[in-house]
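Here is a short tour to read with the model open beside you. Keep the viewer at hand as you go through the sections.

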Amino acid sequence: MNILVIDGHPDPAAERLCHVLATRYAEAATDAGHAVRRIDVHTLAIDFLRSQKEYEKTAAPAWAAAAQEDLLWSEHVLLVYPLWLGTMPALLKAFLEQVLRPDFAFDYKASDKAEARLKGRSARIVVTMGMPAVAYRWWFFAHSLKSLERNILKFTGMGPVRHTLLGGVAAADEAKRRSWFDAMAALGRQAR
Ligand SMILES: Cc1cc2nc3c(=O)[nH]c(=O)nc-3n(C[C@H](O)[C@H](O)[C@H](O)COP(=O)(O)O)c2cc1C
């Protein structure tokens with residue numbers, strides 16, 4: 001399978017959990033014979049979109065055009081990010097706004113209803129967080145995750161979209177972290 005790993009952590013520091021999770025997944029997938037491409041959002045010079053005109057009428061910047069090409073190539077997408085103020089970091093949202101342009105991710109012109117352009121791709125979202133994952137799911141109703149799954153990824157046609165929530169990160173001991181790395185490697189091997 002062609003797998004696109006998107007590491008959405010804004011911080012380049014190598015010790016960030018998200019980077020390690022993305023690497024474990026990518027390495028295991030490669031070892032299992034899958035083709036893997038990786039985008040590290042923190043390496044990109046991302047400008048915020050400022051207007052609908054820019055969104056609809058201007059060409060995507062070169063780095064975003066390359067990411068679009070990677071998305072078209074992919075059959076499965078892994079998206080990893082830390083929960084910041086209850087949702088994805090602003091840099092990752094800016095990345096998605098630049099990449100998921102009309103006419104690339106969806107086509108409004110064909111009919112009144114937007115036509116999804118990225119069908120045939122599955123996805124997994126991995127979110128790390130300080131709070132226990134059960135609190136995010138049941139106290140905060142995982143609103144931001146549901147929005148990403150349903151209103152962004154599925155809106156482009158991707159599916160099925162699955163998720164993994166890793167909570168209590170600061171309190172996790174070595175054994176816990178190792179179990180997360182093993183779980184990511186298992187998912188990478190299965191391209192799930
Ligand atoms: C700016 C910022 C905002 C954060 N907001 C939340 C939050 O709303 N809920 C939460 O559970 N953890 C929050 N955290 C903790 C991070 O989610 C946690 O440190 C991260 O998932 C650990 O993974 P990492 O090592 O890859 O950064 C926040 C951290 C930062 C830096």
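## Terms and ground rules

A residue is called buried if 20 or more other C-beta atoms lie within 10 Å of its own, exposed if 12 or fewer, and partly exposed in between, with C-beta atoms placed from the backbone. Helices (H or I, at least four residues) and strands (E, at least two) are DSSP runs, numbered from the N terminus.

This is a predicted model: local features need pLDDT of at least 70, side-chain atom pairs count only at pLDDT 80 or more, and totals for chains, interfaces and linings use all residues. Residue numbers start from 1 along each chain as its sequence is written.

## Helix H4

In helix H4 (residues 90-99), the buried residues are Leu92, Phe95, Leu96, Gln98 and Val99. They sit on the same side of H4, because they cover an arc of only 165 degrees around the axis (taken from the directions from the helix axis to the C-beta atoms). Their packing partners are helix H3 (62-73), strand S3 (76-82) and helix H6 (143-153).

Beyond four places in sequence, Tyr25 is in contact (C-beta atoms, placed from the backbone, within 7 Å) with Val5, Leu78, Met184, Ala185, Leu187 and Gly188.

## Leu187

Leu187 belongs to helix H7 (residues 174-190). Leu187 counts as buried because it has 20 C-beta neighbours inside 10 Å.

Conventions
Two residues are in contact if their C-beta atoms, placed from the backbone, lie within 7 Å.
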